[in-house]
Protein chains: 2
Amino acid sequence: MFNDIKFNKRQAINVQVYNYIKEIIENGMLPSGSKLPSTREMSIIMKISRTTIMRAYELLNDCNMIYTVKGKGTFVSKMDIATNNGLNIKWGERISNFAINADELDIMKHEKLYKKGMISFSSIAPDESLFDIEELKRSFLNSISIEGKKILNYGYARGYKPLINFLMKYMEDKGVNTKGKNILITNGFTEGFDIVLSSITENGDKILCENPTHNTAIKLMKLHQLKIIGIDVNEDGIDINKLDKAMDNNIKAAYLIPSYHNPTGMVMSYKKREEVYSILKKYNIPIIEDGFNEELQNLGTHISPIAAISGEGNSVIYIGSLSKILFPGMRIGWIFADDKLIDILESVKRSRNIHTSFLDQGILYEYMKSGSFERYIKRIRNIYKEKFELIRKLAKDYIPHKFILGDGGLYIFIKLDGIKARDLLERCYKRNVIFMPGNIFYINDSGEDTIRIGFSKTSIEDIKKGIMIIGEEAKNINNNHVGY
Amino acid sequence: MFNDIKFNKRQAINVQVYNYIKEIIENGMLPSGSKLPSTREMSIIMKISRTTIMRAYELLNDCNMIYTVKGKGTFVSKMDIATNNGLNIKWGERISNFAINADELDIMKHEKLYKKGMISFSSIAPDESLFDIEELKRSFLNSISIEGKKILNYGYARGYKPLINFLMKYMEDKGVNTKGKNILITNGFTEGFDIVLSSITENGDKILCENPTHNTAIKLMKLHQLKIIGIDVNEDGIDINKLDKAMDNNIKAAYLIPSYHNPTGMVMSYKKREEVYSILKKYNIPIIEDGFNEELQNLGTHISPIAAISGEGNSVIYIGSLSKILFPGMRIGWIFADDKLIDILESVKRSRNIHTSFLDQGILYEYMKSGSFERYIKRIRNIYKEKFELIRKLAKDYIPHKFILGDGGLYIFIKLDGIKARDLLERCYKRNVIFMPGNIFYINDSGEDTIRIGFSKTSIEDIKKGIMIIGEEAKNINNNHVGY
């Protein structure tokens with residue numbers, strides 16, 4: 001930039017140089033600590049004598065704009081950061097409709113949040129104290145020593161090849177026919193679902209899902225401006241009759257969570273999976289299967305995903321994620337689908353963020369390959385199972401309910417008996433207990449008498465205390481009702 | 001699922017049990033290796049005698065569907081994966097317009113790709129052999145030992161707090177006024193730009209940018225269906241007169257790359273930064289400043305970003321990324337902008353993929369905090385500088401050009417003299433030399449006589465060989481022209 005200087009004849013050259021550099025510094029163009037070219041260098045750059053430069057530097061030094069360290073050079077002093085009134089945009093008036101919706105649908109901004117010291121039933125994140133850090137370190141060091149610097153440089157949008165191959169085999173082990181299929185690695189389920197919706201729906205399209213369903217999925221379907229057809233989930237799971245009646249050839253896709261359905265915690269029976277698949281097949285409707293938490297199923301009663309039922313068919317888009325069980329902080333998920341579809345999804349992924357962290361993919365691959373993942377799953381299954389049984393029993397005994405749903409997993413779902421969830425939450429929050437009001441999982445904002453109780457991170461002791469408090473407050477509400 | 005069995009009176013119960021379980025296995029519902037409940041457990045589940053279950057298991061054993069390991073239990077044999085003809089969707093007919101565009105605009109699918117053994121001038125990724133792996137390992141182990149398991153669990157959409165604080169200070173060190181500003185961590189520049197466009201533009205809005213400009217940015221602007229106003233960049237950088245003439249109050253934003261502009265490699269002078277800022281200010285147009293590769297500038301001649309000029313103004317959205325220099329595989333970038341705007345962008349980020357890998361953010365924070373980053377930058381600056389000077393000299397000497405642009409950085413940009421870039425590429429490719437034809441960086445597909453020569457990963461030896469080959473082939477084209 002120094003060679004940009006234009007000299008005039010009205011002023012001494014050294015003063016012009018002084019003013020020029022001073023302006024640069026004052027405008028924040030040269031951060032404090034920046035090294036100036038030496039006087040010799042500067043005289044070459046500006047095409048003037050070195051003496052003139054030296055005199056300009058002296059002037060700058062006099063007003064404390066620069067300082068010299070002997071043998072090191074000349075540096076810019078701590079400068080003032082510009083405080084001029086630059087352009088002020090009223091951003092509130094410039095936000096797109098999409099962003100306004102994203103803000104409005106963001107439950108982190110509109111729901112009661114956990115505060116330190118509370119008993120929390122709102123989270124369904126895994127208990128990090130169960131993570132095996134030593135295995136993780138080993139996986140990191142292995143990955144780095146095998147792949148070296150490669151996984152730190154740009155990778156491929158599709159994902160880290162060894163991880164993709166591993167997951168293809170992993171899908172096969174679930175009984176899925178992988179012929180003509182492929183995998184795209186994503187930043188967790190959320191990105192996978194967003195990429196799929198971006199790629200196979202247009203604004204105004206119809207999409208079908210369970211009601212209630214995963215709140216993040218509802219948010220994304222709404223952000224994509226889809227018409228959402230919710231099929232009731234009751235004590236027997238998804239209502240097959242209602243599903244059948246809702247059918248229509250114009251439905252673009254069905255989003256389903258067959259295992260540990262969020263928020264009800266139910267595992268869809270294999271028979272039902274078949275029924276659902278065959279009804280949707282009749283109407284040519286693809287399924288977006290959320291493989292969420294499938295891994296928590298006990299091996300002895302593991303039910304293969306709907307993707308397994310479709311055999312060589314290509315209508316099921318399976319989105320896998322280990323995020324609810326293992327290292328959610330890494331945000332790794334995958335889309336398993338028809339090969340040609342994956343090819344398109346890959347371009348969408350690339351346009352959004354080039355690819356998912358190759359370092360994380362490398363670590364996860366080593367972790368899974370080494371058998372650490374399997375050992376981890378076996379260990380946590382029993383721990384979560386014990387908590388599940390405790391909480392179900394306590395909830396049955398202490399919380400006035402119409403029914404309690406959940407087949408294991410990390411949460412139970414309660415339809416309260418004549419109590420509004422938000423009234424109950426209000427009272428419990430005052431006593432430092434928090435849970436998820438069920439209505440956020442409903443398409444139509446119904447379910448006001450339901451709550452989801454997550455227990456993955458809650459200690460046995462807190463579970464006991466917390467459920468008691470919820471029970472007490474529920475009874476207080478009921479007693480007050482009677483009183484009026 | 002086993003308790004779903006319904007018995008009839010026409011068949012022996014053990015045969016019904018056998019058929020039921022056989023169907024489950026054949027349908028891929030029980031993966032191979034799954035453990036069946038013991039005969040005792042199964043008799044409780046199905047509410048029939050244990051002897052009947054034992055006889056059913058024997059039948060299954062006889063047809064190799066299951067096998068028993070003494071003392072361990074009964075397992076499903078390697079099963080056949082379903083090959084039934086499930087529903088087949090013609091995905092080609094179901095792809096959204098957005099995905100069709102993403103596919104069409106994906107240069108990875110439509111441009112000549114690097115093959116092993118070639119001399120590549122197409123990449124501008126950093127040279128991974130310069131990465132300091134030992135420092136990375138130390139950062140990883142530090143991060144894990146300080147933050148423990150926390151950074152492996154869910155984090156915040158905004159980003160990892162210590163990294164955000166570090167980057168706020170980092171922006172201040174660039175001379176930027178951080179009052180009323182905040183930071184959102186993203187998966188690299190690409191996601192940052194996509195989130196910004198999603199949040200402040202609607203389809204059909206006008207956006208201004210340099211022409212040529214970063215290809216990924218063009219792709220995203222097109223995917224957001226924006227009307228792109230390109231301002232010519234010539235030997236003196238962006239054409240201020242044309243910028244002034246293009247002004248109009250309806251332009252939603254200006255996307256600019258002031259440092260090491262991609263693809264020309266030019267660094268915008270501080271005076272020009274001021275001029276551009278003040279022209280856009282007059283028309284209330286926010287700037288999306290791509291902080292791309294700014295770190296490569298020599299400290300002595302570092303020019304602060306446009307964000308520094310705006311002082312307390314809030315019209316500059318600065319997108320930072322170290323991806324072109326350090327660990328691109330991690331995909332970490334950040335958006336620095338008005339606090340209230342960041343609050344909205346955070347919700348958009350959360351809707352897309354919850355947050356960026358906290359493990360990676362933790363590692364990068366440790367790496368930067370420890371001073372490793374500064375040391376690394378100092379080291380690579382000299383290495384890249386040496387290559388830059390070599391390649392500029394060679395290009396000047398051997399490639400017939402109208403002009404050659406580039407102020408350092410990782411690439412130079414050449415306007416060829418009477419040669420079509422794609423003809424030249426065709427010939428060079430046959431001789432195992434690849435580079436980027438310039439037209440992919442132009443809004444209007446012009447620039448057919450320009451090429452970008454990236455040298456970050458190319459060895460000195462390959463640079464010498466490769467430029468010679470490009471020069472020879474360019475002359476061959478010219479000679480042929482003369483011959484005809």
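User: Why does A:Asn432 count as partly exposed?

Analyst: The model is predicted, so local features need pLDDT of at least 70 and side-chain atom pairs count only at pLDDT 80 or more, while totals for chains, interfaces and linings use all residues. Residues are numbered from 1 along each chain as its sequence is written, chains are lettered from A and ligands numbered from 1 in the order in which they are written, and side-chain values use heavy atoms, with hydrogens and water left out. Buried means under 20% relative accessible area, exposed over 50%, and partly exposed in between, with a 1.4 Å probe and protein chains only. A:Asn432 has 41% relative accessibility and therefore counts as partly exposed. The residue lies in the loop between α16 (421–430) and β14 (433–434) of chain A, and its phi is near 65°, a positive value in a residue other than glycine.

User: Is A:Tyr260 buried or exposed, and why?

Analyst: A:Tyr260 is buried, because its relative accessible area is 5%. Its place is in the loop between β8 and α11 of chain A, and it has a positive phi of about 50° although it is not a glycine. In that loop, between β8 (251–256) and α11 (270–282) of chain A, A:Pro263 is also found; the peptide bond from A:Asn262 to A:Pro263 is cis, with omega near 15°.

User: What makes α7(A) oblique to α14(A)?

Analyst: Helices are DSSP runs of H or I with at least four residues, strands are runs of E with at least two, and both are numbered from the N terminus. Axes are lines fitted to C-alpha atoms, for helices over the stretch in contact, and angles run from 0 to 180 degrees between N-to-C directions. The axes of α7 (residues 161–173) and α14 (residues 358–369) of chain A come within 9 Å and cross at roughly 40°. Angles under 35 degrees count as roughly parallel, over 145 as roughly antiparallel, 65 to 115 as roughly perpendicular and the rest as oblique, so α7(A) is oblique to α14(A).

User: What makes the pair α13(A) and α8(B) roughly perpendicular?

Analyst: The axes of α13 (residues 339–353) of chain A and α8 (residues 188–200) of chain B come within 5 Å and cross at roughly 90°. That angle makes α13(A) roughly perpendicular to α8(B). Contact means heavy atoms within 4.5 Å; here A:Arg350, A:Ser351, A:Arg352 and A:Asn353 of α13(A) meet B:Thr190, B:Glu191 and B:Asp194 of α8(B).

User: How do you know that B:Asn182 is buried, and which side chain does its own side chain contact?

Analyst: B:Asn182 has 18% relative accessibility, and so counts as buried. The residue lies in strand β4 (residues 181–186) of chain B. A polar contact is a pair of N or O atoms within 3.5 Å; within protein, one must be able to donate a hydrogen and the other to accept it, and residues adjacent in sequence count only if both atoms are side-chain atoms. The side chain of B:Asn182 makes such a contact with the side chain of B:Asp339, at 2.9 Å.

User: Why is B:Asn211 called buried?

Analyst: B:Asn211 has a relative accessible area of 5% and is therefore buried. The residue is found in strand β5 (residues 206–211) of chain B. A polar atom of its side chain lies 2.9 Å from the backbone nitrogen of B:Ile443.
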